[in-house]
Amino acid sequence: QVQLEESGGDLVQAGGSLRLSCAVSGSGWMIINVRSWYRQAPGKQRELVATSGKDGLLKYADSVKGRFTISTDNAKNTVYLQMNSLKPEDTAVYYCDVNIYMPATGSRDYRGQGTQVTVSS
């Protein structure tokens, strides 16, 4: 059983910063292969914000390049999204997605419950 616990969402003024966290926990040994952050604003499709692949390759949506940074603390099994210079258009529910390998289940995708980020102008 794998659980993702997201935190860090808040109301912030434009130009401010937030750091989202996604703590991954589970019973047994695991490897986190791919780590991603998505977001979904009201009335809009889900958008890939940032991803960190198994090979360490980082990719970002054009709209957040230079402002957002995805990182991982492997010792804590926690994925972060540092968000700087926030804009009102960054307002959305942010979701953590991970692909995890466990011997009992193989590779599977898991998604967090989401954390609300609201940027006021």
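Tutor: Trp-29, Ile-31 and Tyr-101 together form a nonpolar patch on the surface, with about 300 Å² of accessible area; areas come from the Shrake-Rupley method with a 1.4 Å probe, and for residues only the protein chains shown count as cover. Such a patch takes residues with over 30% relative accessible area and no salt bridge, joining nonpolar side chains (Val, Leu, Ile, Met, Phe, Trp, Tyr) within 5 Å and like charges within 9 Å, where a salt bridge is a side-chain nitrogen of Lys or Arg within 4 Å of a carboxyl oxygen of Asp or Glu. The model is predicted, with local features needing pLDDT of at least 70 and side-chain atom pairs pLDDT 80 or more, while totals for chains, interfaces and linings use all residues. Residues are numbered from 1 along each chain as its sequence is written, and side-chain values use heavy atoms, leaving out hydrogens and water.

Tyr-101 lies in strand 9 (residues 92-102), a strand being a DSSP run of E of at least two residues, numbered from the N terminus. Tyr-101 counts as partly exposed because its relative accessibility is 31%, whereas Arg-67 counts as buried because its value is 10%; buried means under 20%, exposed over 50%, and partly exposed in between (1.4 Å probe, protein chains only).

Arg-67 sits in the loop between strand 6 (58-60) and strand 7 (68-73). Leaving aside neighbours within four places in sequence, Arg-67 is in contact (heavy atoms within 4.5 Å) with several residues, among them Gln-82, Met-83 and Asp-90. Strand 7 runs antiparallel to strand 8 (residues 78-83), joined by six bridges, and strands pair if DSSP finds at least two.

Conventions: Helices (H or I, at least four residues) and strands (E, at least two) are DSSP runs, numbered from the N terminus.
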